[in-house]
Amino acid sequence: MKVKVCVGSNCTLLGSMNILDQIEDLEDIIREDAYIYSDEELDVEAIKCLGYCKEIKKNVAPVVVVDEEPIFNATSQTVMEKIVNKLRK
Ligand code: FES
């Protein structure tokens, strides 16, 4: 699964670094409880501005993209839920 976390200035100001930290913690949890989750790799990438804040020009930050699906106004909780639901067996 490919997860892109925007670390451009708009998204960083609204907490994307916190989301990135949480995803790293989640990777550890998944490793510990591997039997609950599929074997799919979690590929996490931090990207400087995914472009949505300029393209949409509304308050979209922070933005996280999970498997090409953007989550606008992302919170740790919404991102974790999305990842866990997709990875659970
Ligand atoms: S700074 Fe995150 S989409 Fe532009």
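My notes cover the sheet, then a helix on it, then rings and cysteines.

**Ground rules.** I am working with a predicted model, where local features need pLDDT of at least 70, side-chain atom pairs count only at pLDDT 80 or more, and totals for chains, interfaces and linings use all residues. I number residues from 1 along each chain as its sequence is written, and side-chain values use heavy atoms, with hydrogens and water left out.

**The sheet.** I took helices (H or I, at least four residues) and strands (E, at least two) as DSSP runs, numbered from the N terminus. Strands pair if DSSP finds at least two bridges between them. In what order do the strands of the open sheet come? I read β2-β1-β3-β4, four strands with mixed pairing. β2 (43-47) and β4 stand at the edges with a single partner strand each, so one side of each has no neighbour in the sheet. From one strand to the next, the twist averages 20°.

**Around β1.** I followed β1 (residues 2-6) next and found five bridges to β2, the two running parallel. Val3 faces Val44 in β2, and Val5 stands opposite Ala46. To β3 I noted three bridges, this time antiparallel, with Lys4 opposite Val65. Four of the five residues of β1 are buried (under 20% relative accessible area; exposed is over 50%, partly exposed in between; 1.4 Å probe, protein chains only). β1 is therefore largely enclosed by the rest of the structure.

Helix α2 (residues 16-32) packs here, touching β1, β2 and β3 (64-66); contact means heavy atoms within 4.5 Å. Its direction makes about 150° with that of β1. Axes are lines fitted to C-alpha atoms, for helices over the stretch in contact, and angles run from 0 to 180 degrees between N-to-C directions.

**Rings.** I searched for rings of Phe, Tyr and Trp (its six-membered ring) with centres within 6.5 Å, calling planes under 30 degrees apart stacked, over 60 edge-to-face and the rest tilted. I got one aromatic pair. Tyr52 and Phe72 have ring centres 5.3 Å apart and planes at 70°, so I logged the pair as edge-to-face. Tyr52 lies in helix α3 (residues 52-56) and Phe72 in the loop between β4 (69-71) and α4 (76-87), so the pair ties together parts 20 residues apart in sequence. Phe72 is partly exposed at 33%.

**Cysteines.** How many disulfides does the structure hold? I found zero, taking a pair of cysteine sulfur atoms within 2.5 Å as the criterion. Cys11 is buried at 2% relative accessibility, and Cys53 is buried at 18%.
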